[in-house]
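Take a moment with the sequence and the model.

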Amino acid sequence: MNNRQKKGLYQNLHQLFDQGITVNHISEELQFVPLESDAIETKKMLNENDFDTIGIANHGRIIGYVKGEELDEGRCSNYMHRFEPEELVSDSIPLINLLWLFKDKERVFILERNNINKIVVLADLQKPPVRMLILA
C-alpha cells in the first residue's frame with residue numbers, strides 16, 4: 001500500500017468516526033419510573049437489574065433521574081436530579097466527541113428531538129464501536 005492509499009484509508013476511517021458512528025451506536029434506552037414511585041422499591045429494582053441510574057417520569061415524560069445509591073425512604077421525587085445542560089448530548093454527536101465528556105462524568109443523557117430517552121454510562125465505552133475507534 002503506498003502513502004496515497006494509506007492517507008485515503010485514514011481519511012475514510014476519520015470520516016466514518018467523525019460522521020457515521022454516533023452516540024446512538026452505544027446508547028441504551030433510559031428505563032424510568034413515575035415521579036411518585038417508592039424509593040426503596042425503585043432501589044431494589046435498580047439493584048436487581050444492575051442499574052445505577054433510572055429516569056423519573058411525570059405523565060410519561062422523563063423529567064429527571066435518580067441515583068440508586070442515594071435512594072432511601074420516601075418517594076423518588078425526593079431524590080430526583082433535574083437534567084443539567086452539561087449532562088445532555090444530541091443523538092447525532094459523533095462517538096469520538098463523546099469520549100471527552102467522560103473525563104468528568106459517569107453518565108450522559110441523549111436528547112432526541114425534545115425528549116430524553118437514552119443514556120450512556122461508563123460501561124458503554126466497552127462496546128465494539130468504541131473499541132473500533134480506539135484501534136483505528
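This is a predicted model: local features need pLDDT of at least 70, side-chain atom pairs count only at pLDDT 80 or more; totals for chains, interfaces and linings use all residues.

The secondary structure of the protein chain comes to four helices and eight strands. Read along the sequence, the elements follow the pattern α-β-β-α-β-β-β-β-α-β-β-α. The protein chain has 136 residues, and 38% of them count as buried.

Now the charged pairs. Side chains of opposite charge can pair when their charged atoms come close. How many salt bridges does the count come to? The count comes to four salt bridges. One of them joins Lys 127 and Glu 28, with the closest N and O atoms 2.4 Å apart. This pair links distant parts of the chain, its two residues being 99 residues apart. Lys 127 sits in the loop between β8 and α4 (128-135). Glu 28 sits in strand β1, residues 28-29. Is Glu 28 buried, partly exposed or exposed? Its relative accessible area is 40%, so Glu 28 is partly exposed. The band for that class lies between the 20% limit for buried and the 50% limit for exposed.

Lys 127 also has a salt bridge with Asp 124. Here the N to O distance is 3.2 Å. Asp 124 has 8% relative accessibility, so Asp 124 counts as buried. Shared partners join Glu 28, Asp 124 and Lys 127 into one network of salt bridges.

Another salt bridge pairs Lys 118 with Glu 112. The closest N and O atoms of Lys 118 and Glu 112 are 3.5 Å apart. Lys 118 is buried, because its relative accessible area is 15%.

Arg 107 makes a polar contact. Arg 107 lies in strand β7, residues 107-112. Its relative accessibility is 11%, so Arg 107 counts as buried. Which side chain does the side chain of Arg 107 contact? The partner is the side chain of Thr 53, at 2.8 Å.

Next, some pairs of residues that are apart in sequence. Leu 30 lies in the loop between β1 and β2 (32-34). Leu 30 has a relative accessible area of 5%, so Leu 30 is buried. Leu 30 and Ile 116 are 86 residues apart along the chain. Their C-alpha atoms are separated by 8.0 Å.

Met 80 is found in the loop between β4 and β5. Is Met 80 buried or exposed? At 18% relative accessibility, Met 80 falls under the 20% limit and therefore counts as buried. Met 80 and Gly 64 are 16 residues apart in sequence. In space, C-alpha to C-alpha, Met 80 and Gly 64 are 6.2 Å apart.

Phi of His 59 is near 55°, a positive value in a residue other than glycine. His 59 is placed in the loop between β3 and β4 (61-67). His 59 has a relative accessible area of 79%, so His 59 is exposed. Now turn to Arg 113. Where is Arg 113 placed? Arg 113 is in the loop between β7 and β8 (115-121). Phi of Arg 113 is near 55°, again a positive value in a residue other than glycine. Arg 113 is exposed, because its relative accessible area is 79%.

Which residues gather in a patch of negative charge? Asp 50, Asp 52, Glu 69 and Glu 70 do, on the surface. Asp 52 is found in the loop between α2 (39-49) and β3 (53-58). Its relative accessibility is 59%, so Asp 52 counts as exposed. Glu 69 is found in the loop between β4 and β5 (81-82). Glu 69 has 68% relative accessibility and therefore counts as exposed. Glu 69 and Asn 47 are 22 residues apart in sequence. Their C-alpha atoms are 9.7 Å apart in space.

Note on methods
Residues are numbered from 1 along each chain as its sequence is written. Side-chain values use heavy atoms; hydrogens and water are left out. Patches are made of residues with over 30% relative accessible area and no salt bridge: like charges are joined within 9 Å, nonpolar side chains (Val, Leu, Ile, Met, Phe, Trp, Tyr) within 5 Å. Accessible areas come from the Shrake-Rupley method with a 1.4 Å probe; for residues, only the protein chains shown count as cover. A salt bridge is a side-chain nitrogen of Lys or Arg within 4 Å of a carboxyl oxygen of Asp or Glu. Lys and Arg count as positive and Asp and Glu as negative; His and the chain ends are not counted. The place of a charge is taken as NZ of Lys, CZ of Arg, CG of Asp or CD of Glu. Buried means under 20% relative accessible area, exposed over 50%, partly exposed in between (1.4 Å probe, protein chains only). A polar contact is a pair of N or O atoms within 3.5 Å; within protein, one must be able to donate a hydrogen and the other to accept it, and residues adjacent in sequence count only if both atoms are side-chain atoms.
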